[in-house]
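Work through the exercises below with the coordinates loaded. Each task is followed by a solution in steps.

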Amino acid sequence: MDPDRIPSSFPAPSFRGNQREALAAIRDAFAAGNDAVLVRAPTGSGKSLLARAVAGAARTPAEADPAEATGAYYTTPQVSQLDDVAEDDLLSDLNVIRGKGNYTCILSDETTTPVDRAPCARQSGYDCSIQHRCPYYADRAIASNRSIAAMTLAYFMQTAGSEVFGTRDVVVIDEAHGLSEWAEMYATVDLRPRTVPVWDDVGVPDVTAADDPLDRTARFAETLAGVCKRAAEDLTASDELTPGEAARRDRLQDLRSELDWFVSDYRDPTSTTTWVVDQPDGEGTPVTIKPLDPGRYLHHTVWDRGNKFALLSATILDKDAFCRGVGLDPSTVALVDVPHTFPLENRPLYDVTQGKMTYEHRDETLPNVARLLVRLMAHHPEEKGIVHCHSYAIQERLADRLDDFGVSARVRSHDRETRDAALEEWKATTDPDVFLSVKMEEALDLRGDLARWQVCCKAPYLNTNDSRVARRLAEGQWAWYYRVALRTVIQAAGRVVRAPDDHGVTYLADSSLLDLFDRARSDMPDWFAEAVDGMSRPDLPEFDPAAALAGTDASPGVRTGGRSGSSGGGRSRSQSRSRSSSRSPSSSQRADESDADDESDADDHPLSDVWGE
């Protein structure tokens with residue numbers, strides 16, 4: 001890597017904000033010999049352009065000896081972020097490659113078949129005469145041979161050990177704040193009927209009843225891996241498979257790899273990974289095996305893939321804690337802070353708290369939050385808004401209340417299946433609709449009139465029923481608990497203000513957020529602390545459903561009758577159909593602030609809806 005090339009590799013014709021100074025600081029940090037540089041840059045500071053500049057400093061083939069790594073990887077956990085990169089003309093030399101399932105076969109009778117289910121994946125020894133034109137293999141060939149290959153973090157991890165995508169000189173990870181959580185989720189082994197094709201062929205013991213649940217789980221994992229191996233071999237021996245059989249074979253092979261990794265890591269006396277196992281319903285029921293502090297896993301899938309690393313995010317809140325969580329040595333890592341250039345008056349926080357939204361207090365507080373939303377709709381009669389509901393349970397109850405109030409003509413929501421389509425439909429409308437969202441605090445660009453106001457209706461504490469969270473809190477890691485919640489709030493605050501001349505308002509409806517700010521104050525970036533210090537209570541209209549619809553052609557109506565069909569006003573709505581250095585607090589405070597929510601199924605990971613290949 002040549003750090004001096006970083007400023008000149010910036011792809012835009014001119015700098016804005018603090019980009020020039022940021023590039024100089026990043027250059028100096030690498031020139032000082034650091035292996036990794038954390039770049040804490042606020043939303044709207046052009047992190048992708050900074051990332052491209054760092055990637056441009058990678059060693060070129062002309063500069064390298066035969067055994068030396070060249071080129072760069074750009075990777076991000078978020079599918080939408082990769083989509084933005086692919087569409088940005090300034091980043092056209094980032095060659096994007098996605099997982100096979102994102103491409104369709106071009107054979108005449110297979111044009112609706114994903115490449116991972118095409119004849120080349122189903123038939124033994126299949127020789128595709130037009131593989132050179134296959135969109136997946138073409139993109140892979142281009143990305144593997146160009147100086148900068150761009151991919152999601154999931155695909156990047158999956159290609160660890162690949163001959164096609166080996167070690168490169170520089171690895172840039174955009175939106176890197178959740179790297180530890182991404183790795184934990186990716187390395188989790190979830191054993192249940194829909195993830196284990198041979199579920200009915202094995203007896204699932206009550207692993208938690210054993211004297212040593214982890215050892216009992218490891219022995220079961222070895223047995224299950226053997227069953228998977230034999231079942232996959234039976235399928236592989238066939239000359240031709242159906243798409244369903246190919247999917248079964250691939251899942252068996254993936255599951256065997258996951259189980260082997262767990263057993264290998266668990267039995268390795270040098271491993272620093274702590275494993276926890278959940279099986280709440282006993283014998284014959286699902287088992288979930290989860291890693292804590294998956295530094296070793298990241299070494300294999302990420303840190304062994306490059307010589308130098310740049311990790312960018314608005315919310316790497318504590319350098320040393322971040323490094324510990326991802327397995328980096330803080331002494332070889334530098335932190336570059338990029339100041340915020342957005343005027344405070346363009347990004348205010350407002351205190352509209354209605355009480356606590358923890359599960360224990362929700363029945364009392366949620367109706368008041370729903371009434372607040374009606375008042376905010378009246379305050380913003382011609383502007384679109386988004387409500388960060390935190391969970392599908394809260395979203396559904398808010399939608400019901402707003403329906404009761406007769407304002408559903410201005411309200412949209414989504415479920416897990418309709419998430420992307422409902423979001424795009426809402427963004428496309430010019431009506432001043434309010435979107436009840438779940439897990440959209442990150443990876444969402446609502447610049448300009450796409451949204452002028454938003455509501456955080458619950459402090460985003462992690463679920464204490466999750467064994468990983470419970471284990472950390474039992475060890476006293478309350479600073480981590482508050483820091484993760486603060487990180488999500490800061491990410492959310494950046495959704496509606498995307499440029500120095502943009503403006504948007506963030507309303508805080510849960511009083512637990514104010515306590516969170518107090519407890520995590522030392523972890524706040526200065527620019528966010530400035531907004532917290534400037535927070536006030538706004539003067540809002542009285543509760544009046546008719547005023548909430550003043551910017552539309554609708555009038556308050558009766559209940560629409562549930563979560564399906566249209567929601568009044570003559571417009572179709574996508575409705576929710578499913579739910580699925582801080583001080584340590586006292587025991588009573590812990591019970592009051594921890595979030596043992598009512599949604600704890602295996603798919604409800606806080607990052608699962610933005611993860612993808």
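On a 1 Å grid over the protein atoms alone, a cavity is a set of points where a 1.4 Å probe fits but cannot get out, while a pocket is an open set with protein on both sides within 12 Å along at least five of seven lines; a lining residue has an atom within 4 Å of a point. Grid points are joined across faces, edges and corners, and a volume is the space filled by probe spheres set on the points. The model is predicted, so local features need pLDDT of at least 70 and side-chain atom pairs pLDDT 80 or more, whereas totals for chains, interfaces and linings use all residues. Residues are numbered from 1 along each chain as its sequence is written, and side-chain values use heavy atoms, without hydrogens and water.

**Exercise 1. Describe the second largest pocket.**

Step 1: the volume of this pocket is about 1,100 Å³. Step 2: of its 38 lining residues, Ser 80, Gln 81, Asp 84, Asp 445 and Arg 498 are the closest to the centre. Step 3: α2 (47–55), α3 (79–87) and α14 (419–428) each give two or more residues, and α3 gives the most, with seven. Step 4: the lining of the second largest pocket divides into 12 nonpolar, nine polar and 17 charged residues.

**Exercise 2. Which residues of α16 and α17 meet?**

Step 1: contact means heavy atoms within 4.5 Å. Step 2: Tyr 482, Ala 485, Leu 486 and Val 489 in α16 meet Leu 513, Leu 516, Phe 517 and Arg 519 in α17. Step 3: seven residues of this contact are nonpolar, none is polar and one is charged.

**Exercise 3. Locate the salt bridge of Asp 35 and Lys 308.**

Step 1: a salt bridge is a side-chain nitrogen of Lys or Arg within 4 Å of a carboxyl oxygen of Asp or Glu. Step 2: for Asp 35 and Lys 308 the N to O distance is 3.5 Å. Step 3: Asp 35 is in the loop between α1 (19–31) and β1 (36–40) and Lys 308 in strand β9 (residues 306–313), so the pair ties together parts 273 residues apart in sequence.

Technical notes: Helix = DSSP H or I, 4+ residues; strand = E, 2+ residues; numbered from the N terminus. Nonpolar A, V, L, I, M, F, W, Y, C, P; charged D, E, K, R; others polar.
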